[in-house]
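Me: I would like to learn how to read surface and ring features in a model like this one. Please take me through them step by step.

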Amino acid sequence: AIEFYSVLSQLRFVSSTPTLFHAATPHPQLSSCYLTYVDDDLDHIFKCLKDNANMSKWSGGVANSWTQLRGTGSLIKSIKMSSQGIVPFLKLANDVVAAIYRSGSRRGATVAYLEVWHYDFEDFMDLRRNTGDERRRAHDMNTAAWIPDLFMKRVLNDQKWTMFSPDEVRDLHEIYGAAFEARYEVYEQMAREGKIKTFKEVPAAQLWRKMLSRLFETGHPWVTFKDACNIRSPQDHVGVVHSSNLCTEITLNTSREETAVCNLGSINLGNHVIDGAFDWKMLAATIKTAVTMLDAVVDINFYPTEEGKTSNLRHRPIGLGIMGLQNALFALDIAFQDPRALDFSDQ
């Protein structure tokens, strides 16, 4: 406890906002973000909306992977009707998070991730626009494009890009890299042969230009890369990374059984400069204590959902960031463009 007090009171380490808000309260929800996977099932969709509400209530940031929901016009076999696609459900997710202030102290925050091959991706890009049908807009939520490398290759080579409804290509969201590319090309061939019903072809470069235009216009959708996240994942033996989070620094696997949780804090480099010199011994002590504190968050935490508890206790992920690099450089009298600044950053 004295160690914890020491690093906090000297601002050598700072816990994330939910930890600061909720530590030592009856419901200590100390984690920062929750990443969920939404399946193509009405019960599961509304369960996830309820989960979003509970996670927002206890100050968690919410990220949802919506890629598995079928596209507009695809058949719902049980009622023999055409689907309205993902936009109406994203509108609901927007309104849920807008209705709930996190812990009563700050606005709820959510982000929706969608892969660029999804049939409704073009509508998805328009969600934050200030023109068009307001019933198909979501001004209170963030959006992010989940982009496989194959799409960027098609952009660079000025080739066509095929967009599918996930109910006909269920495994595309579950694979990445070379396996994704091979399977995607099989589905394109099946579409050409008439074996896939809901699909469309667009020039990849045209879709990319539209994505960048929306990014400049609205700040959305964020550009994030599926293969880069999955190929580098240390947990690829236990699942696929389906999305990132609100701040795009978390890449953890998700499923119907697991809601990924991030437990965060930052080391303040500026407060480790003593008498004009950087105190590496103090930094090592701060790191050791900070990791102990973040590990404790996993056990102490109040979990709004069982899926979050399952995932966090199983994988125990922590994120230890840094801040105050520029303050440290000022205190050490090192100019930002000085080669010594790069050396210091490397250390």
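Me: Where does Ile318 lie?

Reply: With helices (H or I, at least four residues) and strands (E, at least two) taken as DSSP runs numbered from the N terminus, Ile318 falls in the loop between helix H11 (306–315) and strand E17 (319–323). This is a predicted model, in which local features need pLDDT of at least 70 and side-chain atom pairs count only at pLDDT 80 or more, while totals for chains, interfaces and linings use all residues. Residues are numbered from 1 along each chain as its sequence is written, and side-chain values use heavy atoms, with hydrogens and water left out.

Me: Is Ile318 buried, partly exposed or exposed?

Reply: Buried means under 20% relative accessible area, exposed means over 50%, and partly exposed is in between, with a 1.4 Å probe and protein chains only. Ile318 has a relative accessible area of 36%, so this residue is partly exposed.

Me: How are aromatic pairs read, and how many are there?

Reply: Rings of Phe, Tyr and Trp (its six-membered ring) pair if their centres lie within 6.5 Å, and planes under 30 degrees apart count as stacked, over 60 as edge-to-face and the rest as tilted. By this rule there are 14 aromatic pairs.

Me: Why is the pair of Phe46 and Phe89 edge-to-face?

Reply: The ring centres of Phe46 and Phe89 are 6.4 Å apart and the planes stand at 80°, so the pair is classed as edge-to-face. The pair links distant parts of the chain, with Phe46 in helix H3 (residues 42–57) and Phe89 in helix H4 (residues 87–99), 43 residues apart. Phe46 is partly exposed at 43% relative accessibility, whereas Phe89 is buried at 19%.

Me: What kind of pair do Phe180 and Tyr184 form?

Reply: Phe180 and Tyr184 form a stacked pair, with 5.6 Å from centre to centre and 25° between the planes. Both belong to helix H7 (residues 177–192), where being 4 residues apart separates them by about one helical turn. Phe180 is buried at 0% relative accessibility, and Tyr184 is buried with a relative accessible area of 0%. Ring pairs also link Phe180 and Tyr184 into a cluster with Phe151, Trp161, Phe164, Tyr187 and Trp208.

Me: Which charged residue lies over the face of Tyr119?

Reply: A charge sits over a ring if NZ of Lys or CZ of Arg is within 6 Å of the ring centre and within 35 degrees of the ring normal. Here Lys200 lies over the face of Tyr119, at 4.7 Å from the ring centre.
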